Amino acid sequence: MKKLATLVILFVLTVGVLSLSSCQKIDTDKFSLVWEDEFDGEELDYTKWHFDGRYVDGKNGAPRNGGYWVDDAFKVEDGNLVMTTEWREDGDFGAGWYSGVLSTAYYDYGGETNGGFAQKYGYFEIRCKVPAIYGSWSAFWMMPTDNFANANTEYLNTGIDGTEIDIFESPFYYDIFMRQTVSHAVHYDGYGEHLKSAPKTGVNVPNLYGDFHTYGLEWTENYYKFYVDGICTWTVTDEKYKNRQGETVYQNIVSQVEEYIILSSEVVNPEEEGGTKGWCGDLAKNDKSKKYDFVIDYVRVYQLNQ
Ligand SMILES: [Ca+2]
Ligand SMILES: [Ca+2]
């Protein structure tokens, strides 16, 4: 989710070298449901979800990229979690774009997790539709419970100490050629100079803004498999990879630690490299009087049957 300009550069390095194996339909018979939220209640279940942003100065959230993550940008309605991105003229931080973030485990930005739900391996699935918005994206993603606190020490150049897993991101509404697509990605070794990224863009999802679709991750000791509507769209294995110079660059990419789930919507930072053109378009093209909703029917987590 972060350092996206770097991601683009790393994409050039990694494209074409990831080992792909056959992708098929998810076999849910292999799994048992172990955690879920169907969002059937009257309000959000705060025993399952935590506002995953910081609080500053007694306000209801904190700046995030070009907008603000606040703790009142979501509600449960008609069996869905609705996470709204909107322009607030009189928001806690003043006029700007406000959106939300929720996770299954609370952490502070020192990297310490404070309980909550996390799991190693299994199958993780969301059913949702995403907002048709410029300069913003919604995502279903995972992070290791230490938030990369140990990323640059013993396990440098591997993902075994944890990876950011972007099960899906939807930044492409602005691009008429990419509009009906999402991306998957894996990032590891922290967000500093050692960051490594394995992205998969251009995953076709018909009418993703108007219809519900499922986005899933199957995670085993040896691979990640990403799914859209139950069909595998990308496989990342633990094999060694060669770069274009023939050198082995990444290996053991698959996380071997517990990770927690994050749901988020956020807006681009125009000040970053690439700015509004480099990642998800121009916020100024949006209607400031409109609400842009990320609508989530459920999140379900499975573990492999023993
Ligand atoms: Ca690492
Ligand atoms: Ca539901």
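Colleague: Let's start with Asp189. Which residues does Asp189 touch, not counting residues up to four places away in sequence?

Modeller: Two residues are in contact if their C-beta atoms, placed from the backbone, lie within 7 Å. Leaving out residues up to four places away in sequence, Asp189 touches Ala151, Asn152, Leu156 and Asn157, plus His194, Leu195 and Lys196. Keep in mind that this is a predicted model: local features need pLDDT of at least 70 and side-chain atom pairs count only at pLDDT 80 or more, while totals for chains, interfaces and linings use all residues. As for names, residues are numbered from 1 along each chain as its sequence is written, with chains lettered from A and ligands numbered from 1 in the order in which they are written.

Colleague: Where does Asp189 lie, then? And is Asp189 buried or exposed?

Modeller: Helices (H or I, at least four residues) and strands (E, at least two) are DSSP runs, numbered from the N terminus. Asp189 is in the loop that links β12 (181-188) to β13 (196-204). For burial, count the other C-beta atoms, placed from the backbone, within 10 Å of a residue's own: 20 or more is buried, 12 or fewer exposed, and in between partly exposed. Asp189 has 22 C-beta neighbours inside 10 Å, so Asp189 counts as buried. Ile160 is 29 residues from Asp189 in sequence, yet their C-alpha atoms are 9.8 Å apart in space.

Colleague: What does the whole chain look like?

Modeller: There are two helices and 18 strands. Of the 306 residues, 43% are buried. Take contacts between residues at least 6 apart in sequence: 72% of them join residues at least 24 apart.

Colleague: Which residues touch the most other members of the largest nonpolar core?

Modeller: A nonpolar core is a set of buried Ala, Val, Leu, Ile, Met, Phe, Trp, Tyr and Cys residues joined through C-beta atoms within 7 Å. The largest one here has 70 residues, and Phe140, Met142, Ile167, Val186, Tyr224 and Ile296 touch the most other members. Setting aside residues up to four places away in sequence, Val186 touches Gly159, Thr163, Glu164, Ile165, Ala198, Tyr224, Val236 and Ile253.

Colleague: Now the sheets. What is the order of strands in the open sheet of seven?

Modeller: Two strands pair if DSSP finds at least two bridges between them. In this open sheet the order is β2-β8-β17-β10-β11-β12-β13, with antiparallel pairing. β2 (50-51) and β13 are the edge strands with a single partner each, so one side of each has no neighbour in the sheet. β2 is joined to antiparallel β8 (residues 101-103) by two bridges, and His50 has Ser103 as its bridge partner in β8.

Colleague: Why is β14 largely enclosed by the rest of the structure?

Modeller: Because five of its seven residues are buried. β14 also pairs antiparallel with β15 (residues 223-228) over five bridges, and Glu218 meets Lys225 of β15 as its bridge partner. Together β14 and β15 make a hairpin, with three residues between them.
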